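Visitor: I would like to go through this model piece by piece. Please show it, and I will ask as we go.

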Amino acid sequence: MAGGAMIAGLLHTVPALAPTFDLLVADAVPGVEREHVVDAWMLETAIAEGVTPAVRSRVASHLRHLADSGADAILVTCSSIGEAAEEAAADLGIPVIRVDAAMAAEAAHVAAGRVAVLATNTATLGPTTRLIEREATAQGVDTTVTAAVVEGAAAARSAGDQAGHDRLIAEAVRAAAQPADGGAPAGVIVLAQASMAAAAEAAGVGIPVLTSPAGGVARLAEALTPSDPGRPSASANRPAAPGSDGPSPAASS
């Protein structure tokens, strides 16, 4: 913004993630102002009913609010509503970045044939899987994407058992890397939700395990400081594939 600090808008569905992203963005873009919108209802509804027209309307309303408040770019930190955010972004005129976009592009690039997507709720599996498949097509990569929910992880987190949540995710990562049934191991593992990132290192596997926060924030930083201020950042969205299906404020996005 001319004559003032850049403003980063952030849209969350998990209240606990707002402070984490606030610190990441402040570190990535010194001096940037951050405006957060948190709406846990959107993820609760996506888990219970899918990404309904009401959820899509709420996403569009929040993005419009952030844009009208002066945001120069917006990061949507919930993967479950990523496609709805892409659809709404077309009318805003500023970059709207899906937190999992950079992760999906990297997954397609390093997959070596097979990507295993893990999530703690079903609402995230479809949007993230479709995004990786879209990136693979764009890159001309032949990739097979499999997706699974880490059973019990969401319940553990909702009950306040973060250690149990992380342990279950680490076990699922190890299982995807070395299937006990003798199936083909994944070439890369994607943790579909930002809230899963802390569990990645504990898995200790020898293949890439990708998480979304760092890449999402990096793309936001690129959008806020483009090399050519007269052109939209490369972080702006591609059109989304139609359709997005998908419990508490402690749920994962």
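Visitor: Which strand holds Arg-34?

Guide: This is a predicted model, in which local features need pLDDT of at least 70 and side-chain atom pairs count only at pLDDT 80 or more, while totals for chains, interfaces and linings use all residues. Residues are numbered from 1 along each chain as its sequence is written, and side-chain values use heavy atoms, with hydrogens and water left out. Helices (H or I, at least four residues) and strands (E, at least two) are DSSP runs, numbered from the N terminus. On that basis, Arg-34 belongs to strand 2.

Visitor: Is Arg-34 buried, exposed or partly exposed?

Guide: Buried means under 20% relative accessible area, exposed over 50%, and partly exposed in between, with a 1.4 Å probe and protein chains only. The relative accessibility of Arg-34 is 33%, so the residue counts as partly exposed.

Visitor: Which side chain does the side chain of Arg-34 join in a polar contact?

Guide: A polar contact is a pair of N or O atoms within 3.5 Å; within protein, one must be able to donate a hydrogen and the other to accept it, and residues adjacent in sequence count only if both atoms are side-chain atoms. The side chain of Arg-34 also reaches a backbone atom, the oxygen of Val-32, at 2.9 Å. Contact in general means heavy atoms within 4.5 Å, and beyond the neighbours within four places in sequence, Arg-34 is in contact with Ala-8, Leu-10, Asp-22, Val-25 and Ala-26. The side-chain partner, at 3.0 Å, is Asp-22.

Visitor: How many bridges pair strand 1 and strand 2?

Guide: Two strands pair if DSSP finds at least two bridges between them. Strand 1 (residues 7–12) and strand 2 (residues 33–38) run in the parallel sense, and Leu-11 stands opposite Val-37 in strand 2. The number of bridges is six.

Visitor: Which residue of strand 3 stands opposite Leu-11?

Guide: Strand 1 is also joined to strand 3, in parallel, by four bridges. In strand 3, the residue opposite Leu-11 is Val-76.

Visitor: Which backbone oxygen lies 2.8 Å from a polar atom of the side chain of Ser-79?

Guide: Ser-79 sits in the loop between strand 3 (73–76) and helix 4 (82–89). Its relative accessibility is 1%, so Ser-79 counts as buried. The oxygen belongs to Ala-192.

Visitor: How many residues of helix 4 are buried?

Guide: Helix 4 has eight residues and is mostly covered. The buried ones include Glu-83 and Glu-86, and the buried residues pack against helix 3 (53–68), strand 3, strand 4 and helix 6.

Visitor: Why is helix 5 largely enclosed by the rest of the structure?

Guide: The cover over its buried residues includes strand 4 (96–98), strand 5 (114–119), helix 6 (122–139), strand 7 (188–191), strand 8 (209–210) and helix 9 (213–224). Met-103 is one of the buried residues. Helix 5 (residues 101–110) is largely enclosed because, of its 10 residues, those buried number seven.

Visitor: At what angle does helix 5 run to strand 7?

Guide: A second open sheet has four strands in the order 6-5-7-8, paired in parallel, with strand 6 (144–149) and strand 8 as the edge strands. Helix 5 lies across strand 5, strand 7 and strand 8. Its angle to strand 7 is about 165°.

Visitor: Which residue of strand 6 is the bridge partner of Val-115?

Guide: Strand 5 and strand 6 are parallel and pair over six bridges. The bridge partner of Val-115 in strand 6 is Val-145.

Key: Axes fitted to C-alpha atoms, helices over the stretch in contact; angles between N-to-C directions.
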